[in-house]
Amino acid sequence: MSTPGDAAERQGDVDGEVPAWATLGLLGAWALHDVEELLAMRSWPVRVPELRERFPQVPDRLWREIAGLDVRRFGLAVAGVGLVVGAAAVDGRRTGGRSAAYQSVLDGFGLHGLVHLAQSVAVRGYTPGVATTPLLVLPFTLAARTRLRRAGLLRPTRAGDAALSLGLAGVVTIGAHVVARRLTSARVCG
């Protein structure tokens with residue numbers, strides 16, 4: 001007969017252990033969040049004229065990119081980011097949460113949620129990804145970091161580390177969009 005302590009131990013809910021939800025769950029949380037972004041991006045280009053007028057300091061190239069959004073290309077970029085997030089989540093599981101890559105991607109995921117909130121404040125309305133940020137992105141990130149902290153595995157996060165995690169998230173996102181653009185352009189030209 002097993003005791004409640006045995007069940008908790010099997011699930012990784014004791015100090016020193018990081019449960020699978022805290023590592024592999026990163027990919028699941030990211031995927032659910034990005035489903036919202038994919039669905040919202042279909043209608044986002046209609047806001048470009050209003051936003052372009054309100055934010056003339058934003059480069060025209062960015063407005064043209066948003067206005068000409070190709071949902072298929074956006075989906076490919078999302079898949080590219082998913083490969084990176086998935087690899088980090090698997091590495092986090094493989095190392096029991098110790099992986100620097102996993103912890104950096106986890107931090108970048110949470111911080112990118114703050115960017116979504118700031119975007120919505122700036123436009124005074126909905127922006128793609130903001131609905132799942134307070135419901136999923138931030139709670140998951142905080143819960144996973146709490147488990148890592150309880151296990152004694154959470155790396156100290158200094159301002160420079162946070163900036164690096166957010167910067168890497170931006171580089172991965174931009175890189176995925178560049179690759180997606182090349183793939184869709186090659187398909188059209190080829």
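How are α3 and α6 oriented to each other, roughly parallel or roughly antiparallel? In this predicted model, α3 and α6 are roughly antiparallel to each other, where angles under 35 degrees count as roughly parallel, over 145 as roughly antiparallel, 65 to 115 as roughly perpendicular and the rest as oblique. The axes of helix α3 (residues 25–41) and helix α6 (residues 71–94) cross at roughly 170° and come within 10 Å. Each axis here is a line fitted to C-alpha atoms, for helices over the stretch in contact, and the angles run from 0 to 180 degrees between N-to-C directions.

Residues are numbered from 1 along each chain as its sequence is written. Because the model is predicted, local features need pLDDT of at least 70 and side-chain atom pairs count only at pLDDT 80 or more, while totals for chains, interfaces and linings use all residues; side-chain values use heavy atoms, with hydrogens and water left out.

The overall picture comes next. The protein has nine helices and zero strands, and its elements run α-α-α-α-α-α-α-α-α from the N terminus on. Helices (H or I, at least four residues) and strands (E, at least two) are DSSP runs, numbered from the N terminus. Of the 190 residues in the protein, 37% are buried; buried means under 20% relative accessible area, exposed over 50%, and partly exposed in between (1.4 Å probe, protein chains only). The accessible surface comes to about 10,700 Å², and 66% of this belongs to carbon and sulfur atoms, with areas taken from the Shrake-Rupley method with a 1.4 Å probe and, for residues, only the protein chains shown counting as cover. Contacts, meaning heavy atoms within 4.5 Å, also reach along the chain: among those between residues at least 6 apart in sequence, 75% join residues at least 24 apart.

Back at the opening pair of helices, the residues that meet can be named. On the α3 side they are Leu26, Leu27, Trp30, Asp34, Glu37, Leu38 and Met41, and on the α6 side Phe74, Gly75, Val78, Val81, Gly82, Val85, Gly86 and Ala89. These residues divide into 10 nonpolar, three polar and two charged, with Ala, Val, Leu, Ile, Met, Phe, Trp, Tyr, Cys and Pro counted as nonpolar, Asp, Glu, Lys and Arg as charged, and the others, Gly among them, as polar.

Aromatic rings provide another link. Rings of Phe, Tyr and Trp (its six-membered ring) pair if their centres lie within 6.5 Å; planes under 30 degrees apart count as stacked, over 60 as edge-to-face and the rest as tilted. By this rule there is one aromatic pair. Trp21 and Phe140 form this edge-to-face pair, at 6.3 Å centre to centre with 80° between the planes. The partners are 119 residues apart, Trp21 in helix α2 (residues 20–23) and Phe140 in helix α8 (residues 132–150), and the pair links distant parts of the chain. Trp21 is partly exposed, with a relative accessible area of 37%, whereas Phe140 is buried at 11%.

Ala180, in helix α9, is buried at 1% relative accessibility. Leaving aside neighbours within four places in sequence, Ala180 is in contact with Arg73, Leu76 and Ala77. The C-alpha atoms of Ala180 and Arg72 are separated by 8.8 Å, although the two residues are 108 apart along the chain. Glu50, found in helix α4 (residues 48–54), is partly exposed at 36% relative accessibility. From Glu50 to Val123 the separation is 73 residues in sequence and 9.9 Å in space, C-alpha to C-alpha.

Two loop residues complete the tour. Gly152 lies between α8 and α9 (159–189) and is exposed at 62% relative accessibility. Arg124 lies in the loop between α7 (100–123) and α8 and is exposed at 68%. The phi of Arg124 is near 55°, a positive value in a residue other than glycine.
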